[in-house]
Amino acid sequence: MMIKKMTLAALAVGVLAVSCSSDDDSGTPQEELADLRLDLNGLEPLGNGFTYEGWIIVDGNPVSTGVLTSITFPQTMRVNATQLSNATAFVLSIEPANDTDPAPSDTKVMAGDFAGNTATVNTGVVGDFTSASGMFFLRTPTDEMGMNNGNDQYGVWFGTPGMPPTANFNLPTLPEGWAYEGWVVGDSGPLSTGTFTSFSAVDSSSLFSETQQPGPPIPGEDFFINAPAGETFPLDIRNRNVVISVEPVPDDSPAPFAMKPLVGIAGEETAPATHPFGQNLASLPEGSVTR
């Protein structure tokens with residue numbers, strides 16, 4: 001009889017343990033979690049002050065799926081099972097490190113709607129770059145005092161030469177949280193010509209340009225002063241890669257972001273000759289998300 005009582009007592013403890021397996025110490029049922037698998041391509045590291053964060057859209061509201069600790073994929077995130085099953089879309093944003101804002105920032109990198117259990121995500125939330133085009137020319141307007149100095153190979157400007165030069169980009173207007181940035185690949189790496197959101201106005205930087213004259217009303221840069229380590233100025237732009245990237249705002253990385261829709265190579269001719277950009281749509285991040 002004693003053995004039977006001990007057996008019944010053990011069974012009772014086992015049943016109690018099973019019934020409480022979904023409860024925490026306070027007696028509150030634990031959240032039921034499910035896997036969200038991310039298989040993304042083309043992302044690049046951010047500056048130290050920023051991180052990627054995933055979101056699912058549930059009943060029209062964003063719900064964080066967590067911060068990405070790496071950009072090696074595939075990777076799995078554990079999220080609320082009920083919310084995940086009701087999600088209609090997935091969004092990837094760039095957020096400040098240690099961000100306390102419960103909502104996503106304006107800087108949304110990729111998005112896509114769920115079709116069944118899979119969402120195909122791409123950069124359409126930033127803009128449509130399938131018709132991206134533009135031209136640039138070599139000239140050094142900031143080094144001139146009423147006449148051409150014959151050294152136009154040291155500057156690059158984005159547009160069509162003229163009096164004044166005019167914009168010729170066919171690029172989408174970017175949403176809040178994004179800006180374009182020009183680059184020339186120097187001997188030590190990419191050199192920024194400045195960020196811009198308007199194709200017919202000066203850009204954010206004239207760091208390397210001379211100070212004899214202001215630049216024209218288009219983005220661009222002359223390369224005469226403030227040479228970074230590893231560079232020798234004036235910098236001959238001929239036969240160098242010239243790039244237009246799409247950058248998050250704000251941005252604390254000195255390197256171009258992953259999205260580089262236009263890439264060109266400067267030829268030998270200076271203005272009034274122009275050099276075309278080629279499309280670089282393969283640089284645009286994309287991928288899939290599966291629940």
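User: How much accessible surface does the chain have?
Analyst: About 14,600 Å². Carbon and sulfur atoms hold 53% of that. Areas are Shrake-Rupley values with a 1.4 Å probe, and for residues only the protein chains shown count as cover.
User: What kind of model is this?
Analyst: A predicted one: local features need pLDDT of at least 70, side-chain atom pairs need pLDDT 80 or more, and totals for chains, interfaces and linings use all residues. Numbering starts from 1 along each chain as its sequence is written, and side-chain values use heavy atoms, leaving out hydrogens and water.
User: What percentage of the residues count as buried?
Analyst: 43% of the 291 residues. Buried means under 20% relative accessible area, with a 1.4 Å probe and protein chains only.
User: Switching to threonine 140. Is that buried or exposed?
Analyst: Threonine 140 is buried, at 0% relative accessible area.
User: Which residues does threonine 140 touch?
Analyst: Leaving out residues up to four places away in sequence, threonine 140 touches Asn151, Asp152, Tyr154, Gly155, Asp222 and Phe224. Contact means heavy atoms within 4.5 Å.
User: Which side chains make polar contacts with the side chain of threonine 140?
Analyst: Asparagine 151, at 2.8 Å, and aspartate 152, at 3.2 Å. A polar contact is a pair of N or O atoms within 3.5 Å; within protein, one must be able to donate a hydrogen and the other to accept it, and residues adjacent in sequence count only if both atoms are side-chain atoms.
User: Back to the whole chain. What size box do the C-alpha atoms fill?
Analyst: Roughly 110 × 40 × 30 Å, along the principal axes.

Terms used
Buried means under 20% relative accessible area, exposed over 50%, partly exposed in between (1.4 Å probe, protein chains only).
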